[in-house]
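I opened a new page in my notebook today. Come along while I look things up one at a time.

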Amino acid sequence: MPARFRDYHAANGACVEEVLRPALSVGRESYVKIASAHLTWQPDSTPRAEHLGLLQMKELLALRQPPEAWILAGDFNATTQSKVLLAAYEAGMEESCRAQ
């Protein structure tokens, strides 16, 4: 089964290409969603309510419908301790290099 592609452009500027790929499943069709994003960089000192990268990450995470399996990839323009990635961790996402 071929992958299906959908482009998504966030209201605040993030561009995301969402790829729906068939996943292993028993008795029903299931997908792994792969989102590739390029988020806007701003200093960590930027207030949370004004931080574009954080707002873009939250908008991206709002598209996720648990228990869907998602892989987020791309340029998040953020460090592993940033508020941008903290939002992803709080939503249940894991960073692959932190999980090893």
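My entries below go from the whole chain to a few of its parts.

**Entry 1, the chain.** I noted at the start that this is a predicted model. I looked up the secondary structure and found three helices and four strands. Reading along the sequence, I wrote down the pattern β-β-β-α-β-α-α.

How much of the chain is buried? I found that buried residues make up 33% of its 100 residues. The accessible surface comes to about 6,400 Å², and carbon and sulfur atoms hold 55% of that surface. I also checked contacts with a separation of 6 or more: 45% of them join residues 24 or more positions apart.

Which residues have the most contacts inside the largest nonpolar core? I listed Met57, Leu60, Leu61, Leu72 and Phe76, in a core of 15 residues. Strand E3 (31-38), H1, strand E4 (69-75) and H2 each give this core at least two residues.

I picked Phe76 and left aside its neighbours within four places in sequence. Phe76 then touches Ala37, Leu39, Met57, Val84 and Leu85.

I moved on to H2, which spans residues 83-90. Its buried residues are Lys83, Val84, Leu85, Ala87 and Ala88. I reminded myself that an α-helix has 3.6 residues a turn, so residues three or four places apart point the same way. What covers the buried residues of H2? Helix H1 (52-62) is included in that cover. After H2 comes Gly92, and I noted its positive phi, near 95°.

Terms used:
Residues numbered from 1 in each chain as written. Predicted model: local features only at pLDDT ≥ 70, side-chain atom pairs only at ≥ 80, totals over all residues. Heavy atoms only, no water. Buried < 20%, exposed > 50% of the residue type's maximum accessible area, 1.4 Å probe, protein only. Contact = heavy atoms within 4.5 Å. Areas by Shrake-Rupley, 256 points an atom, 1.4 Å probe, with all protein chains shown as cover. Core = buried A, V, L, I, M, F, W, Y, C linked by side-chain atoms within 4.5 Å.
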